[in-house]
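Hi there,

Here is the structure I promised to pass along.

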Amino acid sequence: MEVHVNDMRVNLLRESKFPFTMIGRCDDDRDGYVDIDFKQTIDEALTYLSKLGHTHIAYLNQSQMSYEAGYGPVVRTKASFEEYIYLSGLKGVMRFCRPTPQDGYEAFNALIQKDPDLTAIITMNERAIPGIMRAIAEHGWKIPDDFSIVALVASVRMAEMTVPALTTMEPPSAELGRIATELLINHLEGNGNENPRILFPCRLVPGGSSGPCKNVANRE
């Protein structure tokens, strides 16, 4: 787990010919894996918000350090967000953010300063969400009347802890663990030559944090 696009642990396992499987993937995917389909997850989240009328959408990613280290989910979601925005014609802005409420608060305000017409944000940074919600409240806006939030790769249990409950793209955690275990058993039994590449998208679970886009002029 927590696999990087070029992961020294994976290289070491390959060199030692030690049986292994991955929840995650490297750019060199010769060994097979099971992972979240981050592109489809991003696409579905943005399509959902677009259908609600949102045209200016932000993405609050994880930290710059994680990106520079090549952490797979951070790298892939950034690329997928930028591709979707480019192809769809929506207005989008992405920002890295360390995993603390204060950093989420500061990052949200920086995003609004960059694009005052933002009406929705998607984020893969759970710990930053309380800060995002505080910043929205300090602007005098209500969720979801004035601003929508979608949490990526977040469990419904976590989403229900906020007020309002978050709309989330829920990860298939149990399925990932089950398939990865089966793949590892196959390797240990000497039957792991196929090295399948299996991707699962997250599942959209609408909550109270997302709604139709409101005219920006009416929320001032």
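First, the ground rules. This is a predicted model, so local features need pLDDT of at least 70 and side-chain atom pairs count only at pLDDT 80 or more, while totals for chains, interfaces and linings use all residues. Residues are numbered from 1 along each chain as its sequence is written, and side-chain values use heavy atoms, with hydrogens and water left out.

**Cores**

A nonpolar core here is a set of buried Ala, Val, Leu, Ile, Met, Phe, Trp, Tyr and Cys residues joined through side-chain atoms within 4.5 Å. Buried is under 20% relative accessible area, exposed is over 50%, and partly exposed is in between (1.4 Å probe, protein chains only). The largest such core has 30 residues, and the members that touch the most others are Leu46, Leu49, Tyr59, Phe81, Ile122, Val150 and Leu152. At least two residues each come from β1 (33-36), α2 (38-51), β2 (56-60), α4 (72-88), β4 (120-123), β5 (148-152) and α8 (173-188). Helices (H or I, at least four residues) and strands (E, at least two) are DSSP runs, numbered from the N terminus. The largest share, 6 residues, belongs to α2. A second, separate core holds 26 residues, including Leu111, Ile112, Ile136 and Ile143.

Apart from neighbours within four places in sequence, Val150 is in contact (heavy atoms within 4.5 Å) with Ala45, Tyr48, Leu49, Ile121, Ile122, Thr123, Thr167 and Met169.

**Helix pairs**

The axes of α2 and α4 are 9 Å apart, at an angle of about 45 degrees. Axes are lines fitted to C-alpha atoms, for helices over the stretch in contact, and angles run from 0 to 180 degrees between N-to-C directions. The two helices are therefore oblique to each other; angles under 35 degrees count as roughly parallel, over 145 as roughly antiparallel, 65 to 115 as roughly perpendicular and the rest as oblique. On the α2 side, Phe38, Lys39, Ile42, Asp43, Leu46 and Thr47 meet Pro73, Arg76, Thr77, Ser80, Phe81, Glu83 and Tyr84 of α4. That contact has 6 nonpolar, 3 polar and 4 charged residues, where Ala, Val, Leu, Ile, Met, Phe, Trp, Tyr, Cys and Pro count as nonpolar, Asp, Glu, Lys and Arg as charged, and the others, Gly among them, as polar.

In the other pair, the axes of α5 (residues 101-114) and α6 (residues 129-138) come within 6 Å and cross at roughly 45 degrees. That makes α5 oblique to α6. Pro101, Gln102, Gly104, Tyr105, Phe108 and Asn109 of α5 meet Pro130, Gly131, Ile132, Arg134, Ala135, Ile136 and Glu138 of α6. By class, this contact divides into 7 nonpolar, 4 polar and 2 charged residues.

**Backbone details**

Most residues other than glycine have a negative phi, and most peptide bonds are trans. Where are the cis bonds that I noted? One joins Ile143 and Pro144, with omega about 5 degrees, and Pro144 is in the loop between α6 and β5. Another runs from Val163 to Pro164, with omega near 0 degrees; Pro164 is in the loop between α7 (156-159) and β6 (167-170).

Lys17, not a glycine, has a positive phi of about 60 degrees. Lys17 sits in the loop between α1 (8-16) and β1 and is exposed, at 73% relative accessible area. Val153 also has a positive phi, of about 50 degrees, in the loop between β5 and α7, and is partly exposed at 23%.

Best wishes
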